[in-house]
There are 2 protein chains.
Amino acid sequence: MTFENEKGIFESLLSSSSGYSNYRGILNWCVVMLVLSNARLFLENIIKYGILVDPIQVVSLFLKDPYSWPAACLIIVSNVFILAALYTERRLAVVSLHISPDNTFSFAHMTQISAICQVQAILLCMCVCVSVGGVISLGVYTVLFLKLYSYQDTNRWCREIRQAKAKKMTRSFSCPSVAQSNGSAAHTHVSYPGNLTHRDMYYFVFAPTLCYQLNFPRSPRIRKRFLMRRLLEMLFLMQLLVGLIQQWMVPTIQNSMKPFQEMDFSRMVERLLKLAVPNHLIWLIFFYWFFHSSLNFVAEMLQFGDREFYRDWWNSETVTYFWANWNIPVHKWCLRHFYKPMLRNGVNKFLAQTAVFLASAFFHEYLVSVPLKMFRLWAFMGMMAQVPLAWFVGRFLNGNYGNAAMWISLIIGQPIAVLMYVHDYYIIHHNKSPPPEPT
Amino acid sequence: MTFENEKGIFESLLSSSSGYSNYRGILNWCVVMLVLSNARLFLENIIKYGILVDPIQVVSLFLKDPYSWPAACLIIVSNVFILAALYTERRLAVVSLHISPDNTFSFAHMTQISAICQVQAILLCMCVCVSVGGVISLGVYTVLFLKLYSYQDTNRWCREIRQAKAKKMTRSFSCPSVAQSNGSAAHTHVSYPGNLTHRDMYYFVFAPTLCYQLNFPRSPRIRKRFLMRRLLEMLFLMQLLVGLIQQWMVPTIQNSMKPFQEMDFSRMVERLLKLAVPNHLIWLIFFYWFFHSSLNFVAEMLQFGDREFYRDWWNSETVTYFWANWNIPVHKWCLRHFYKPMLRNGVNKFLAQTAVFLASAFFHEYLVSVPLKMFRLWAFMGMMAQVPLAWFVGRFLNGNYGNAAMWISLIIGQPIAVLMYVHDYYIIHHNKSPPPEPT
C-alpha cells in the first residue's frame, strides 16, 4: 500500500509521481451523487406542484378525441397497401419469367412509387388530426413505407438473380443477405417466388425489422419467463414515462416559456439545463422501453431470432458510431437500401453519408412537423448539425473526450429542439403570452 | 460484435443472457450529468442571489475582530509548553540513569499531565473567543497536545529500552518504529538522548505528522516545481473554499432555517439534500487542500519523507476502512498511542475500537462546541453512530454496496450535523425566527 518512489519518498497517492490510478470508488460516488441530486429535484417538484400524474387523462385523450378514431381507421386501411404490394410482387414474379429484366424495372418502379404515394396520401389525411392517435398512425405508416420499400427491393434482387440464372449468365449480382438462413433447422428454407404468401408477408409486417429477408433467423421456442419479464417492463415503463412527462416535463416546459419570450439569456440557459435532466431520463427510458422491452417482446412472440436492435452506443467515441449503433433496424435499412445502392452507383462515401443524414433529418422533421402542423425545421437542422459535429468530434476528440462530447450533444441537443417547437407552438396556437410561472 | 447464444438467437446486449458487460461509457455519462446538473444549480444560484463572494469580508474578519489577536498570542504562548516538554524530557533522561524504571513512571506521567493541563487551560481561554482565530488556535493546540503526548510516550519507550539494556535484561519491549530510519543516508542517525535538542523538537512540531520518531524518513532535496504547484493549489483552493461557502453554503443554510423551525418534514429533507451537494463538495476540496496541498507543501519545505497523509479511502467498502485511511496522521497516532497500548493492557479488540471512536467523537465535539460555545453533542453522536453503521455495513453490505453506503453516510451525515448546529446557534443567539427566505 505504500508508494515509495525511486528517491525513497513515500508519495501521496494523488501526486502524479505515485503512479496510483485506482479510482473505482469514484463511479459509486457519481451514482450516489446523481441519485441524491435527482431525489432532491423530485422532492422539490412534488412540494412545488403536488402530484400531477393522472393516468385517466391519457386514456381520455384516446377516447374523447374525435380524431383518434380516424387514425385507427387509417391503420386498418394500411392493409390495402400491404396486400397491394404482395399482389404486385406476385404479378411481377409471373411476368418477369417472360420478358427481359430491363422491362421489369418499370414494373418494379411502379410498386416503389405506389408505396411512396401511400405516404403522401397519408400525409394529407394526417394534417387534420393533431393527436396522439395521429402520431401513432403516422409512425405506423412510416415504418410500413420502409418495410414495403425493402420488400419490393429484395424481391427485385431475387428476380434479377433468377433471370441471371435462367439466362446462364455469370454476371455477379450482389444480393445482400437475401439467401441467409441463420435460423435453426426447424424452419424450412424458402426460395423465390415461394415467399410471396400472405403468411410470409404479414410475418414480415409484424416482425421487428425493416429489412425483408426470405428466410429470417428464428428462435426454437417462445421462452415464457422472458416474455413475461418483457411484458411487465413494457407496462411499468409505459406508466413511468407518462408519469414523468406529466409530473416533470410539462411544468418545466411551461416555466420555460417566459424567459424564452423575454430573451433573458442566463435564465434561458438555466431553464434549458433544468429541462435537460428529465428530457434525457425520459429518452433513456424510452430507449429501453422501445428497443429492449417492446421489440424483444414482439420478437419473442414471433420467434424472431435476430434481437440485435441496438449495439453499445453508450460507449461510442464518435458521432457516426452513435448513429450507426443506437437504432439498428433503421441503420440496417439505410445501409442496405440507401447507402450501399448509392455507393454502387458511384457516389463517394462522404456524400452518401451526408445523404443518409439528410434523409434521416427529413424523417425526423416529418414525424414532428406533421402532427404539430408546424414546419419549423428545428428537427431537420438538429439532424443536419450532426454532420459538422461528427467531423469535429472525429477530428479533435477521441477516447473518453469523444464519448463525453456524444453524451453532451445528446443531453443538451434534444431539449433545445423540444423547447424550440413548444415555444413556436405556443406562439402560433395561443398568440398570447404563455401562462405565468407558478410560484 | 454479435452475441449469438447457444440457441442460435442473436440476443440484445441488455438481455442477461447476452453476457455483455462493457458499460465504460456510463462513467462518462455520470460525469457529464453531474457537471451539467451542477452548472445549472450554480447558474440558478447566481440568478437568485447575485454574486456574494467577498474576499475582503474574510480579511476584515481577521483584522477587525478584537478576539483574533488574543488567539495569535495564544499560539505564541504555546512555545512555553513545547519548551517545557523538552526540558522535562532532558531532566528525565538524566534522572532515569540513576533510579529504577518504576519510579521514572511518575515523572513521565507528570509530562503527560502537563500536556493535558495545557489543553484544559486553553479550553477556558477559548470560551471567550468565538471567532475564526479561536478555531485556528484551538486546532493548533489540539494538534500540539497530540504531538507532545506522542513525544513523551516515545521518549519514555526509549528510556525503558536504555534501562533494559543497561541492566542487561532480555525483556522484549515493544518500541514501535522508534528506531526506523527509512530516510536517505544523507542525514545522520540520532539515538536517545541525542534527540533532545531544540532543533529536533521544533522540526517535529512543524512536521506534518503526529507521531514522534527519533529519525524521520527524509527526502534528499526540495523540489521547487513540486513546491510551487502545491503553493498555487493552496492559494487557489483557499479562495475557492471561501467563495463556495459565501455563495452557496450560507444562503442555503439561511433558507433551511424556516422549514426546520416549522418542522415541515418534506421541506426539511429537500433542504437537507440541497445542502448536501455544496457541503460535500466543500469537504472534498477541503480534503484535497489540507491533506494533499498543504501537508505536502509543509513536508516538501521540511524535506519530510513520509507523504502518506491519506490512503485510498474513496474505494473503501467498510466504514472502518474509511476511518482508518482518510486521515493517516490521526489514524497512526490513535494506533500507536491509544489502540495498541490498550491491546497490550488486555482490552479486547472491539472495545478498543469503540474507545478510539469515543475519543475521536470527543475531539470532534470539542472542536465544534468550544468555538460555538454550545454543547449539543451532535458531532459526538455523529461519530458514535459510526460504530453501529460500521457493524451494519460490515455485516450486510459488501463490494460496491458497501462503498455506496460509505459515500451516502458521508454525503448525508455531515449536512445533518451542520444544520443541527446552525439551527441551535440561531435559536440561542437570535432568540427569534430566522431571516425570511428570499424570493
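Biologist: Where in chain A is Asn327(A) found?

Modeller: This is a predicted model. Asn327(A) lies in the loop that joins helix H9 (319–325) to helix H10 (328–344) of chain A.

Biologist: Is Asn327(A) buried or exposed?

Modeller: A residue is called buried when its relative accessible area is under 20%. Asn327(A) has 17% relative accessibility, so Asn327(A) counts as buried.

Biologist: Which residues does Asn327(A) touch, leaving aside those up to four places away in sequence?

Modeller: Contact is read from heavy atoms within 4.5 Å. By that reading Asn327(A) touches Phe291(A) and Phe309(A). Within its own stretch of sequence, the side chain of Asn327(A) reaches the backbone nitrogen of Val330(A) at 3.4 Å.

Biologist: At what angle do H10(A) and helix H11 (residues 349–372) of chain A pack?

Modeller: The angle is about 145°, and the axes of H10(A) and H11(A) are 9 Å apart. Their crossing is right-handed.

Biologist: Which residues of H10(A) and H11(A) meet?

Modeller: From H10(A) come Cys334(A), Phe338(A), Tyr339(A), Met342(A) and Leu343(A). Their partners in H11(A) are Lys349(A), Ala352(A), Gln353(A), Ala355(A), Val356(A) and Ala359(A). Sorted by class, this contact holds nine nonpolar residues, one polar and one charged.

Conventions: Residues numbered from 1 in each chain as written. Chains lettered and ligands numbered in written order. Predicted model: local features only at pLDDT ≥ 70, side-chain atom pairs only at ≥ 80, totals over all residues. Heavy atoms only, no water. Helix = DSSP H or I, 4+ residues; strand = E, 2+ residues; numbered from the N terminus. Buried < 20%, exposed > 50% of the residue type's maximum accessible area, 1.4 Å probe, protein only. Polar contact = N/O pair within 3.5 Å; in protein donor to acceptor, adjacent residues only side chain to side chain. Axes fitted to C-alpha atoms, helices over the stretch in contact; angles between N-to-C directions. Left-handed = near helix turned anticlockwise from the far one by under 90°. Nonpolar A, V, L, I, M, F, W, Y, C, P; charged D, E, K, R; others polar.
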